[in-house]
Amino acid sequence: MSVLDDIIVGVREDLSGRQRAIGLAQLRETAAAQAPARDAWAALGGPDPRRADLKVIAEVKRRSPSKGDLAGIADPAALARQYAQGGAAVISVLTEERRFNGSLADLDAVRAAVDVPVLRKDFTCDPYMIWEARAHGADVVLLIVAALEDAELADYLALAHELGMNAIVETHTAGEIERAVAVGSRIIGVNVRNLKTLDVDRSVFGTLSGLIPAEAVVVAESGVRDVADVRHYAAHGANAILVGEALVSTATPARRIAEFTAAGAAAIATR
């Protein structure tokens, strides 16, 4: 069993408890009462084929399976406001409980604090979780190709769009990119972390990003430590980077986002 498989076992167990507490009909009513979803595709530069700058998706992330505890984050709303001040295009909130110490309460706090699009970062394995994301004000969901069958991937992406949301469709291999493109994904993430070993290989990004159609937004996931990594991803085709550890571990996240944005724009200008 891979790390991903193991995580999803726990996600399904936790999900079943929430489903017993709140039925789908009630969840749909709550989702319908939310303000319309913000357009993350536009925020990430989707309408602009030139995409002269690099967008930052800044993550509220307390821990990870590979690194353990990263930051306490007593006030996720305050952190999110710093992210927005620094120019984050999208703010990602980990809601998985067991491995990442996240929660839907964190999502609620961030949604109430900022006006930029918010991503519910979790291991989506049931349509209920997409309705749940919208009910809690999320504008984007994460769909991991490795965790879904083709029919599920297509159905989940269609549901997200039906609810006015976008989806970051996460890939790890050339075959997964092919599957993501086949269902019409507009935002495709390339995660360079190996799902079996949890090792990061940044060199994988350039090979895989070249397989993604020019009209899609390309997101580099995992392994952003400093401006050198940002330049690497931007030079190899990234339109956006998803950053967690490098932001939660600094006392000045807004400044670091600005630094990453500038470094990315400089690299894009030379590619």
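Phe205 is buried, with a relative accessible area of 0%. In this predicted model, Phe205 forms an edge-to-face aromatic pair with Tyr233. Eight strands of the structure close into a barrel with parallel pairing.

**Aromatic pairs**

- Two aromatic pairs turn up in a search of the whole structure.
- The rings of Phe100 and Phe123 make a tilted pair, because their planes stand at 35°, with the centres 5.8 Å apart.
- Phe100 belongs to the loop between S4 and helix H5 (104–113), and Phe123 to the loop between S5 and helix H6 (127–135), so this pair ties together parts 23 residues apart in sequence.
- Phe100 is buried at a relative accessible area of 10%, and Phe123 is buried at 12%.
- For Phe205 and Tyr233, the centre-to-centre distance is 5.1 Å and the angle between the planes is 75°.
- Phe205 lies in helix H9 (residues 203–209) and Tyr233 in helix H10 (residues 227–235), 28 residues apart.
- Tyr233 has 0% relative accessibility and counts as buried.

**Barrel**

- The strand order is S1-S4-S5-S6-S7-S8-S9-S10, and the twist from one strand to the next averages 25°.
- Four bridges join S4 and strand S5 (residues 118–121) in the parallel sense; Val93 has Arg120 in S5 as its bridge partner.
- Helix H12 (residues 253–270) packs on the sheet, where it touches strand S1 (55–60) and strand S10 (240–243), and its direction makes about 150° with that of S1.

**Other sites**

- Gly87, in the loop between helix H4 (76–86) and strand S4 (90–94), is partly exposed with a relative accessible area of 46%.
- A distance of 9.4 Å separates the C-alpha atoms of Gly87 and Ala58, which are 29 residues apart along the chain.
- Arg186 places its charged end over the ring of Trp41, 4.1 Å from the ring's centre.

Terms used
Residues are numbered from 1 along each chain as its sequence is written. This is a predicted model: local features need pLDDT of at least 70, side-chain atom pairs count only at pLDDT 80 or more; totals for chains, interfaces and linings use all residues. Side-chain values use heavy atoms; hydrogens and water are left out. Helices (H or I, at least four residues) and strands (E, at least two) are DSSP runs, numbered from the N terminus. Buried means under 20% relative accessible area, exposed over 50%, partly exposed in between (1.4 Å probe, protein chains only). Two strands pair if DSSP finds at least two bridges between them. Axes are lines fitted to C-alpha atoms, for helices over the stretch in contact, and angles run from 0 to 180 degrees between N-to-C directions. Contact means heavy atoms within 4.5 Å. Rings of Phe, Tyr and Trp (its six-membered ring) pair if their centres lie within 6.5 Å; planes under 30 degrees apart count as stacked, over 60 as edge-to-face and the rest as tilted. A charge sits over a ring if NZ of Lys or CZ of Arg is within 6 Å of the ring centre and within 35 degrees of the ring normal.
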